[in-house]
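Let's take a look at a few residues and who their neighbours are. Have the sequence and the 3D view ready.

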Amino acid sequence: GTLSFATVSGGLDGGTITTTSTTATTMDSFAIGTYRSAKYQVSISDSTSGDYQHTEVSVVHDGTSAYFTQYGTITTDTSELATFGVDININTLRIRVTSASTNSTVYKFKKILVDI
């Protein structure tokens with residue numbers, strides 16, 4: 001066999017947002033003309049209650065609709081600190097989070113983007 005290497009485009013990046021609302025907020029977004037799918041590792045902390053959650057979210061789109069699955073969720077509380085959703089808005093796939101409370105909730109994430 002021959003060992004060869006290839007350049008893989010896409011990206012590995014991260015970010016942080018803080019919210020004090022129970023309305024859907026965009027955690028992150030990416031261009032649907034550039035990327036087909038992504039995987040997120042998300043760490044959530046409720047600064048008021050001191051509760052924490054870690055979860056993974058995978059997303060994919062077909063150019064018109066976005067789809068996701070959430071898995072591997074671990075929480076220090078009896079209920080999840082947030083719910084997730086995705087949509088496409090003006091050629092951009094958005095990862096949306098809705099906090100379970102109006103406490104100051106911090107979302108830290110790492111993502112892997114996979115190009116088209």
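Which residues does T98 touch, not counting residues up to four places away in sequence?

## T98 and its neighbours

T98 touches T22, T23, A24, L81, A82, T83 and Y107, leaving out anything up to four places away in sequence; a contact here means heavy atoms within 4.5 Å. T23 sits 75 residues away from T98 along the chain, yet their C-alpha atoms are 5.6 Å apart.

T98 belongs to strand β7, residues 92-99. Strands (E, at least two residues) are DSSP runs, numbered from the N terminus. T98 counts as partly exposed because its relative accessibility is 23%; buried is under 20% relative accessible area, exposed is over 50%, and partly exposed is in between, using a 1.4 Å probe and protein chains only.

## About the model

This is a predicted model, where local features need pLDDT of at least 70 and side-chain atom pairs count only at pLDDT 80 or more, while totals for chains, interfaces and linings use all residues. Residues are numbered from 1 along each chain as its sequence is written, and side-chain values use heavy atoms, with hydrogens and water left out.

## Q53, tucked into strand β4

Now for Q53, which is found in strand β4 (residues 52-61). With a relative accessible area of 2%, Q53 is buried. Its contacts, again skipping residues up to four places away in sequence, include V42, I44, Q70, I74 and L81. A polar atom of the Q53 side chain lies 2.6 Å from the backbone nitrogen of L81.

## I112

Last up is I112, in strand β8 (residues 105-115). I112 is partly exposed, at 44% relative accessibility.

Terms used:
Helix = DSSP H or I, 4+ residues; strand = E, 2+ residues; numbered from the N terminus. Polar contact = N/O pair within 3.5 Å; in protein donor to acceptor, adjacent residues only side chain to side chain.
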